[in-house]
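This report goes through a two-chain model step by step. Keep the sequence and the structure in view while reading.

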Amino acid sequence: MAEWEIESPETIQFEESPSDLLVHLVGGDLNVKASDGPATLEIRQIVGPMVRVRLEGGKLEVRQEHPSFWRTDTTRVSASVTLSVPPGCRVQIDTVSASVLAEGLNAELALKTVSGEATLESLRGPVTAATVSGAVASRGQSGKFRGETVSGGVTLDAFGGSSVRLQTVSGEVVADLKQADPDSSAEVETVSGAVYLRLAASPSQKVRVESISGHLTSAFPALRAESGPGSRTLKGLLGEGRGKVKVSTVSGSVSLLAEASD
Amino acid sequence: MRLYLLSLLGDGELHGYQIIRTLKERVGGDYTPSAGTVYPRLRQLEREGLVRAREAAGRIFYQLTVAGEAALLEQATEIQELESEVSRIAHEMATQLRSEVHDSARELREELRAQSQALRRREAGAPFSGELHQQLARFTSEWTRLVAPGTPPAQARAALTTAIEAALTQLRRVLAGPNS
């Protein structure tokens, strides 16, 4: 078991390779990247309480917490942290306002932040991201993605995975699903957040889009629009219907778009 | 290797076998430093006056000389500077990656919003083309001309009402589309 209490900038190279990483921060910024070399931790800046690090039995924990129970003024507790871990390391991140960058991981990532901005690059494992107001941008992801925000926007760029489940209140959802698995399913629910989904040029999905008062726009003539008392829907079968697209909003507009062919 | 040997001895004197064993543990993996690699280097450090050897209980113990300690300190500072430079670059690269991903995300958002707006304009534009307005105007003037001279007979009135209701229903259906 190894423990460190860090009060000033420092770099640690770990002798043991972690299989699980838990990071708990308040403010600042966090980078977690996958690397085949030895696991390292680098802290460039610390404001406030010391950062406690502990490595035991393959579990690495890095924490900087509020000194008192009554959490006020997040600017006084912050750290700038970069971690390199093996690609198969499972990662769990919890921050209040610290922004997060995670790159190249192959195993599960569970990320929770209140207002931190989340940037995800080339993640291959299952990802769950929950924010209140922090925006989430994920590029080149494969695997499953589950995202929940209140007002933060969610943008999935070049998503090549098998399933997307997104829920927001007012956060806007923008997802480019043209590279997703043909059998993939995309389920999106918002209250007032607008939803823009780009499907492949020859999509193969069962589609069901519904909204109480949001405007529905579709680039696919095969989908049938229906308007009933209190709701409107857009549904039908695209191609062989191997995958699934299900969107439901209260007032958020929904646009199902095709890959631009002009 | 030189620096490593110096740093190992920085904590206190060690004898040959301890040095080899610690090296193996620190480096890890399948690396096994051989006596043939380590001892010659220790002897070289001795010749340079950075390390002193003493014999005790049939073993040779190596320790740093004052010059050796100074050399270690000097190199340690260099290493620290190298490490902070590396960490500064790594941090910059992470910042750049963040901007790149977010810029890319913003471009995607703008592109899809624009596509959506273009689609909407096409939907909304259709029913209000000039040609339809003209036909509607022609219909109204013809109707006024036909009906004006007097009240049509009851049968005609019923037939006309049915025709108008049918036209309105058809119009509603055509204009309703996906969003009414």
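## Pairing in the sheet of chain B

Two strands pair if DSSP finds at least two bridges between them. In this predicted model, strands S2 and S3 of chain B are joined by six bridges and run antiparallel. Within this pair, Val51(B) has Leu64(B) of S3(B) opposite it. Helix H1 (residues 2-9) of chain B packs on the sheet and touches S1, S2 and S3 of chain B. The direction of H1 makes about 95° with that of S3(B). H3(B) also packs on the sheet, where it touches S2 and S3 of chain B, and its direction makes about 115° with that of S2(B).

Which order do the strands take in the open sheet of chain B? The order is S1-S3-S2, three strands with antiparallel pairing. Strand S1 (14-15) and S2 of chain B stand at the edges with a single partner strand each, so one side of each has no neighbour in the sheet.

## Chain B as a whole

Chain B contains six helices and three strands. Along the sequence they follow the pattern α-β-α-α-β-β-α-α-α. Of the 180 residues in chain B, 10% are buried. Among contacts in chain B with a separation of 6 or more, 45% are between residues 24 or more positions apart.

The length of helix H3 (residues 35-47) of chain B can be checked. The expected span is 1.5 Å times one less than the number of residues. For the 13 residues of H3(B) this gives 18 Å, and the end C-alpha atoms are 18 Å apart, so the two values agree. Just after H3(B) comes Gly49(B), with a positive phi of about 80°.

## Two residues with positive phi

Ala57(B) is not a glycine, yet its phi is positive, at about 50°. Ala57(B) sits in the loop between strand S2 (51-56) and strand S3 (59-64) of chain B. Is Ala57(B) buried or exposed? Ala57(B) has 6 other C-beta atoms within 10 Å, so it is exposed.

In chain A, Ser122(A) likewise has a positive phi of about 50° although it is not a glycine. Ser122(A) belongs to the loop between strand S12 (118-121) and strand S13 (127-131) of chain A. With 18 other C-beta atoms within 10 Å, Ser122(A) is partly exposed.

Chain A is divided into domain 1 (1-104) and domain 2 (126-262). The centres of these two domains of chain A, taken over C-alpha atoms, are separated by 34 Å.

How many of the residues of strand S8 (residues 78-85) of chain A are buried? Eight of the eight are, so S8(A) is largely enclosed by the rest of the structure. In a regular strand the side chains alternate between the two faces of the sheet. In S8(A), Ser78(A), Ser80(A), Thr82(A) and Ser84(A) point one way, while Ala79(A), Val81(A), Leu83(A) and Val85(A) point the other way.

Strand S4 (residues 27-34) of chain A pairs with S8(A) in the parallel sense over eight bridges, and Ala34(A) stands opposite Val85(A). Strand S5 (residues 40-47) of chain A is joined to S8(A) by seven bridges and runs antiparallel to it. There, Glu42(A) stands opposite Thr82(A).

Strand S15 (residues 144-148) and strand S17 (residues 163-168) of chain A run parallel and are joined by five bridges. Lys144(A) has Ser163(A) opposite it in S17(A). S17(A) also pairs in the parallel sense with strand S19 (residues 185-190) of chain A, over six bridges. Leu166(A) has Val188(A) in S19(A) as its bridge partner.

Thr128(A) is found in strand S13 of chain A. The C-alpha atoms of Thr128(A) and Lys144(A) are separated by 8.3 Å, although the two residues are 16 apart along the chain. Leaving out residues up to four places away in sequence, Thr128(A) touches Ala110(A) and Arg146(A).

## Where the chains meet

The contact takes 28 residues from chain A and 24 residues from chain B. On the side of chain B, helix H4 (residues 66-125) gives the largest share, 19 residues. By class, this side of chain B has ten nonpolar, nine polar and five charged residues.

Technical notes
Residues are numbered from 1 along each chain as its sequence is written. Chains are lettered from A and ligands numbered from 1 in the order in which they are written. This is a predicted model: local features need pLDDT of at least 70, side-chain atom pairs count only at pLDDT 80 or more; totals for chains, interfaces and linings use all residues. Two residues are in contact if their C-beta atoms, placed from the backbone, lie within 7 Å. Helices (H or I, at least four residues) and strands (E, at least two) are DSSP runs, numbered from the N terminus. Ala, Val, Leu, Ile, Met, Phe, Trp, Tyr, Cys and Pro count as nonpolar, Asp, Glu, Lys and Arg as charged, and the others, Gly among them, as polar. A residue is buried if 20 or more other C-beta atoms lie within 10 Å of its own, exposed if 12 or fewer, and partly exposed in between; C-beta atoms are placed from the backbone. Domain bounds come from an automatic or database domain assignment. Axes are lines fitted to C-alpha atoms, for helices over the stretch in contact, and angles run from 0 to 180 degrees between N-to-C directions.
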